[in-house]
Amino acid sequence: MGSSLTMKSVLGLLFLCLVQLSSALHFDLPAVSGKNERCIRNFAHKDQLVQVTAIVGGAKGDGQKVNMEIKDSLGNEHGRPRDIIGETRQTFTPPADTSFDVCFENVLTTGRGGNLYRSIELDVDIGADARDWSSIQQHEKLKPIETDLRRMEEMVAEVVSEMEYLRAREQKLRDTNESTNERVKWFAFGTMGMLMGLGAWQVVYLRAYFRSKHLI
């Protein structure tokens, strides 16, 4: 029984490793006196938990000020911490399916030049990855294997939900494509009918004109 649990635990950890292929994003942001915003875009579904963790290097008073802003494509703002140093964490749930941007700017606050920059480490967790599983394990008194299985269950549910979302989007796009094709077909028929009618009218008009001039 013990070896079966151990095997399940190993398989669970391997599954989590395969699912969580993404890692934190590292980049350097130079300090400038003007606008120098750098944004990273992601997507989340409605009411899906999103946790943004940023670790900013440097120290106060080094002539730089890093500001962060989280905003979605619907115009909502989900966090705007200013002059951040060290680890900063923002958690939110979008009101609808939307993309969101995590933007950073490094403002030069001193007159001296030089190659001033701040190193930034950004980690965006969405859905089951954004939940505090250690706290859940302690609160519900779960065993480690139970916590892993619970986490995997939520991840599988999210994958199923994502597949349903993509299927619905594909159905909507297919319906739109078929509707567009139908409209284009009838527009083509209408255009052909108008051209044929115009041609017939020209023939009748020219025949009547030539007859009035006694040319035919």
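This briefing describes the sheets, the nonpolar core and the charged side chains of the structure above. The model is predicted, so local features need pLDDT of at least 70 and side-chain atom pairs count only at pLDDT 80 or more, while totals for chains, interfaces and linings use all residues. Residues are numbered from 1 along each chain as its sequence is written, and side-chain values use heavy atoms, with hydrogens and water left out. Helices (H or I, at least four residues) and strands (E, at least two) are DSSP runs numbered from the N terminus.

- An open sheet of four strands runs in the order 1-8-3-6 with antiparallel pairing, where two strands count as paired if DSSP finds at least two bridges between them.
- The edges of this sheet are strand 1 and strand 6 (86–92), each of which pairs on one side only, and the twist from one strand to the next averages 25 degrees, taken between axes that are lines fitted to C-alpha atoms, with angles running from 0 to 180 degrees between N-to-C directions.
- Strand 1 and strand 8 are joined in the antiparallel sense over six bridges, and Pro30 stands opposite Tyr117 in strand 8.
- Another open sheet has four strands in the order 2-7-4-5, again with antiparallel pairing.
- Strand 2 (37–44) and strand 5 (77–79) stand at the edges with a single partner strand each, so one side of each is left without a neighbour in the sheet.
- Strand 2 and strand 7 run antiparallel and are joined by eight bridges; Ala44 has Thr98 in strand 7 as its bridge partner.

**Nonpolar core**

- The largest nonpolar core has 18 residues, and those with the most contacts inside it are Phe100, Val102 and Phe104; such a core is a set of buried Ala, Val, Leu, Ile, Met, Phe, Trp, Tyr and Cys residues joined through side-chain atoms within 4.5 Å.
- At least two residues of this core come from each of strand 1 (25–30), strand 3 (50–56), strand 4 (64–72), strand 7 (98–108) and strand 8, with strand 3 giving the most, four residues.
- Leaving aside neighbours within four places in sequence, Phe104 is in contact (heavy atoms within 4.5 Å) with residues including Phe27, Leu29, Ala54, Val66, Met68, Ile84, Ile120 and Leu122.

**Charged side chains**

- There are 11 salt bridges, each being a side-chain nitrogen of Lys or Arg within 4 Å of a carboxyl oxygen of Asp or Glu.
- Arg118 and Asp62 meet in a salt bridge (2.8 Å, N to O) that links distant parts of the chain, since Arg118 lies in strand 8 and Asp62 in the loop between strand 3 and strand 4, 56 residues apart.
- Both Arg118 and Asp62 are buried, where buried means under 20% relative accessible area, exposed over 50% and partly exposed in between (1.4 Å probe, protein chains only).
- Glu87 forms a salt bridge with Arg89, the closest N and O atoms being 2.7 Å apart; Glu87 is partly exposed at 48% relative accessibility, and Arg89 is partly exposed at 47%.
- Arg167 and Glu164 form a salt bridge with their closest N and O atoms 3.3 Å apart, and because they are three residues apart in helix 3 (residues 144–212), about one helical turn separates them.
- A network of salt bridges links Glu69, Glu77 and Arg80.
- Asp125, in strand 8 (residues 117–126), is buried yet has no salt bridge, the nearest side chain of opposite charge being Arg151, 6.9 Å away; here Lys and Arg count as positive and Asp and Glu as negative, with His and the chain ends not counted.
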